[in-house]
Amino acid sequence: MTELTWALAQYRTARGPRTGIYIDDRLFAAPQPIDGHAVMDLLAEWDHWAEVLRTLDPSALTPVADAEVVAPLTYPSKVICAGANYYDHADEMGVDRPDPTAEPFFFLKTPTTTVVGPSCEVPIFDDGRSQVDWEAELGVVIGRRCANVEPADVADAIAGYLVANDVSDRGVFHRKGSVAAPFEWDWLGHKSQDAFCPLGPGLVPAWLVPDPQALKIRLDVNGIVKQDSDTSQMVVDVYRLVSAASRVFTLEPGDVVLTGTPAGVGMPRKDFLRPDDVVTVEIEGIGRISNKVVAK
């Protein structure tokens, strides 16, 4: 995997999250005039701050010792997820091969309770009702308010990219005894339990990612590789996906669009997470997150 160039990260202080620069698993203090601004503040005026950040000199930064890196975005107004957006994942789930010309399928995660940092614990039910799965995903972070944006113009609306795990509870997804067929599927319980959206380690600016469709994406559980693919397997590419989402609702600075997961999820093999498992996701040039599973 290519080493991370640099990313906007946040770390914990007594006064709340503080912005830093994350480089190759090391944290550095943000230089002036960036220091003192949360990442969401920078995204609110991204056109201005992007120009400042383009002149960043990583070699001139001061290391921050013993700091806990937290979620890079606290908090996006929306976490928008694309379903069935990798050809190899559709194949393993035994569904029809997706039509790249069809409208993508989207669902939402509740941001303030699902979004956690790159090393936070993920609590799951340990009473037999849950079947918790992993989903390594490339996250796209919006840097400009937009609606009905054309694919050719989407690049101007993207601030950057991050690593995500769209944690999913397959065990509670199908609900028995619903009042009608449309209510049989519990997307809220399936996708929006607490800490079901680890993000990080930081936001890599878009200009440092030459081609979002040429990134290796890999996930392991306790060191055993489960997903090993690349973003060229996406059915609908990043720009067309963001364009489609912008036709559903206005996208705002800091919104995150999760772009789908490749083959290797646990569901087809009935291979699910248990307390004490450690899930690590790495995306080429973007970074790595690692989260331990614990019992609620």
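Student: How do the residues of the lining of the largest pocket divide into nonpolar, polar and charged?

Tutor: Keeping in mind that this is a predicted model, the lining of the largest pocket divides into 11 nonpolar, eight polar and five charged residues. The lining comprises 24 residues, and H89, M93, R170, F173 and W187 are those nearest the centre of the pocket. The elements that contribute two or more residues to this lining are β5 (79-83), α3 (87-93), β6 (105-109) and α5 (187-191), and the space in the pocket comes to about 440 Å³.

Student: Which residues line the second largest pocket, and how do they divide by class?

Tutor: The second largest pocket, with a volume of about 170 Å³, is lined by residues including W46, D47, R144, D156 and W207. Two or more lining residues come from each of α2 (46-53) and β11 (158-165), and α2 supplies the largest share, four residues. By class, this lining has seven nonpolar residues, no polar ones and five charged ones.

Student: Why is the space lined by V122, N165, V167, P198, L273, V279, N291, K292 and V293 called a cavity?

Tutor: The term cavity applies because a 1.4 Å probe fits there but cannot get out, whereas a pocket is an open set of points. The structure holds one cavity of 30 Å³ or more, and the largest cavity has a volume of about 50 Å³. Strand β18 (residues 287-295) provides the largest share of the lining of this cavity, three residues, and the lining as a whole divides into six nonpolar, two polar and one charged.

Student: Why is F105 called partly exposed?

Tutor: F105 has a relative accessible area of 45%, and since buried means under 20% and exposed means over 50%, the value falls in between, so F105 is partly exposed. This residue is found in strand β6, and together with W185 and W187 F105 forms a nonpolar patch on the surface, with about 320 Å² of accessible area together.

Student: What makes the backbone at D25 and at N222 worth a remark?

Tutor: Most residues other than glycine have a negative phi. Phi of D25, however, is near 65 degrees, a positive value, and phi of N222 is near 55 degrees, also positive. D25 lies in the loop between β2 (18-23) and β3, while N222 is in the loop between β14 (216-221) and β15 (224-230). D25 has a relative accessibility of 45% and therefore counts as partly exposed, and N222, with a relative accessible area of 45%, is partly exposed as well.

Student: Which residues are joined by a cis peptide bond, and what is omega at each?

Tutor: Most peptide bonds are trans. A cis peptide bond joins Q32 and P33, with omega about 0 degrees, and another joins T74 and Y75, with omega about -5 degrees. P33 lies in the loop between β3 (26-29) and α1 (39-44), and Y75 lies in the loop between β4 (69-70) and β5.

Key. Residues numbered from 1 in each chain as written. Predicted model: local features only at pLDDT ≥ 70, side-chain atom pairs only at ≥ 80, totals over all residues. Heavy atoms only, no water. 1 Å grid on protein atoms, 1.4 Å probe; cavity = no way out; pocket = protein on both sides within 12 Å on 5 of 7 lines; lining within 4 Å. Points joined across faces, edges and corners; volume = space filled by probe spheres on them. Nonpolar A, V, L, I, M, F, W, Y, C, P; charged D, E, K, R; others polar. Patch = residues over 30% accessible without salt bridge, like charges linked within 9 Å, V, L, I, M, F, W, Y side chains within 5 Å. Areas by Shrake-Rupley, 256 points an atom, 1.4 Å probe, with all protein chains shown as cover. Salt bridge = Lys/Arg side-chain N within 4 Å of Asp/Glu carboxyl O. Buried < 20%, exposed > 50% of the residue type's maximum accessible area, 1.4 Å probe, protein only.
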